[in-house]
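Let's take a walk through a protein fold, one piece at a time. Keep the picture open while you read.

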Amino acid sequence: MTQRAVSQGWILDIALAQGGFDALHPEAKATLEECGHNHRDFDRVFELVKSGVMIPKAWSTVAAQAEARAKHYESEGFPATAKDLYQRAAVMWGRAQYSFFNDDPRKTVFRQRCNESVEAIGRLSNQTIRRVELDFEGEKIFGLLFLPEGNVSNAPAVILGPGMDMIKEDYIQIAQRYYTSRGMIALSIEGPGQGESGSSGLKVTLTNYQRAISRYIDFLEELPQVDKNRIGLFGVSMGAIWGLRGAAHDNRLKSLATFMAGPGELEKSFSKAQPSFKANMMYMSGYTDEEKFDKEMAANYSIWHLVPNITCPVLIGNGEFDELIPVEDAIALYELIKAPKELRIYENEFHPLGGVAAEIFRYGSEWSLRALNGDFAQRPDKRYYVHTDGRVVEGSANPAWWLGAQPPEILARKQSSES
């Protein structure tokens, strides 16, 4: 546990009691709905929460209720209704297990209930949903494979990279709604430190996440249904940063769509974020000494030097007021990419991009398919500033209120890279 998590826990409790989940992540409810959470389930969970310590109980309570109803409908012969409820249960069991930043037995039990719900979804689905377990550097990494209905061959595939506080199950609905429904194969992953991969003993290091992405690419290339020349990655938040690392490391990725991507300056992000973010990353990387974590991990995780190595088309979408990744840093990072690229800055949006959640998940999948089909090879640099009133300005992604001025952070980084 971090020093801030201990000393500032009371602030978290007040924020939850007074403002609910929105006080921690503005408009995140819409983003979680895209990930399969039912909005009423979400409300019921946070009606039960008056302090941070109550969160795992609340998630597990409502998850168990959804699971019980799912079993009822399955036993009565209503598979579609049951499948929907198992989906809701799976993501809530996932939230419950995430609440423990240690190897707590309750985390293991909640993970098992999540796995059982996913197994039921696969059993009741017309599509193939398959659990994936791969050997990786003496440990295991885990994923969920989603195949379209019918006979599939020579299909494009996209790796779905979760954020730091997400799990592979958070992409079940997205995989089916936006990928397999369009004939694409999706592989939702948990890299080192995440979900089952982390709780099974594999911790994230400075360099192993990108190697894990390569291992997932190996797996996809071996599938007879996959066109190995059309494999891409979609990632959000830390999943976007890991995706950038992966694309710089392995040029077999032919497209990279990211949202909430930044330079990976963990010291800067964790100093602004709620304390649980850092506590989780310390658990994911196996540190218990905060000072040692700061010196060895957080201070050395930036990707400024890596992004010029990326060769595939890259999409970066960020909120104008992302509390973890300053928009100036997102633009400065984008400037360093030499491959075909696109940047979209969304006016007045925060880190969850909740106000445009449905838009970005759909756009990310559609953009990925076009990129994998080679549509953007001759389009070197496209920039957009997306206004809340519906207008989209093309040619510059800089916030309109800057009035054409370029912040010093962007200029300094650009000059540093050219020297």
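Let's start with Met260, which sits in the loop that links strand E6 (255–259) to helix H12 (266–272). This is a predicted model, so take what follows as a description of that prediction. Met260 isn't a glycine, yet its phi is positive, at about 65°. Is Met260 buried or exposed? Its relative accessibility is 5%, and buried means under 20%, so Met260 counts as buried.

Leu353 is another residue to look up. You'll find Leu353 in the loop between strand E8 (341–346) and H16. Leu353 is a residue other than glycine with a positive phi, near 50°. With a relative accessible area of 0%, Leu353 is buried.

## The sheet

Now for the strands. Ten of them form an open sheet with mixed pairing, and the order across it is E1-E2-E4-E3-E5-E6-E7-E8-E9-E10. Going from one strand to the next, the twist averages 20°.

E1 and strand E2 (residues 139–147) run antiparallel, and nine bridges join them. Which residue in E2 stands opposite Glu133? That's Phe142.

## H8, between sheet and helix

Helix H8 (residues 172–179) lies across several strands: E1, E2, E3 (155–161), E4 (185–190) and E5 (226–236). H8 runs at about 40° to E2.

H8 also packs with helix H16 (residues 357–372), at an angle of about 55° and with the two axes 10 Å apart. That angle makes H8 oblique to H16. Their crossing is right-handed. On the H8 side, the residues that meet H16 are Ile174, Arg177, Tyr178 and Tyr179. Their counterparts in H16 are Ala358, Phe361, Arg362, Gly364 and Ser365.

## H4 and H5

Here's another helix pair to find. Helix H4 (residues 39–47) packs with helix H5 (residues 55–75) at an angle of about 140°, with their axes 8 Å apart. H4 and H5 are therefore oblique to each other. The contact involves Asp41, Phe42, Arg44, Val45 and Phe46 from H4, together with Ala58, Trp59, Val62 and Gln65 from H5. H4 passes H5 in a right-handed crossing.

Here's a bit of background for reading such lists of residues. An α-helix has 3.6 residues a turn, so residues three or four places apart point the same way.

Look also at Asn38, in the loop between helix H3 (28–34) and H4. Asn38 has 24% relative accessibility, so this residue counts as partly exposed. Along the chain, Asn38 and Leu85 are 47 residues apart, while their C-alpha atoms are separated by 9.4 Å.

Last stop: helix H11 (residues 238–249), which has twelve residues. From its first C-alpha to its last, H11 reaches 16 Å, close to the 16 Å expected at 1.5 Å a residue.

How many of the twelve residues of H11 are buried? Eleven are, so to speak, under cover, and H11 is mostly covered. Among the buried residues of H11 are Met238, Ile241, Trp242, Leu244 and Arg245. Glycines and alanines are on that list too, including Gly239, Ala240, Gly243 and Ala247.

Key: Residues are numbered from 1 along each chain as its sequence is written. This is a predicted model: local features need pLDDT of at least 70, side-chain atom pairs count only at pLDDT 80 or more; totals for chains, interfaces and linings use all residues. Side-chain values use heavy atoms; hydrogens and water are left out. Helices (H or I, at least four residues) and strands (E, at least two) are DSSP runs, numbered from the N terminus. The expected span of a helix is 1.5 Å times one less than its number of residues. Buried means under 20% relative accessible area, exposed over 50%, partly exposed in between (1.4 Å probe, protein chains only). Two strands pair if DSSP finds at least two bridges between them. Axes are lines fitted to C-alpha atoms, for helices over the stretch in contact, and angles run from 0 to 180 degrees between N-to-C directions. Contact means heavy atoms within 4.5 Å. Angles under 35 degrees count as roughly parallel, over 145 as roughly antiparallel, 65 to 115 as roughly perpendicular and the rest as oblique. A crossing is left-handed if the near helix is turned anticlockwise from the far one by less than a right angle, and right-handed if clockwise.
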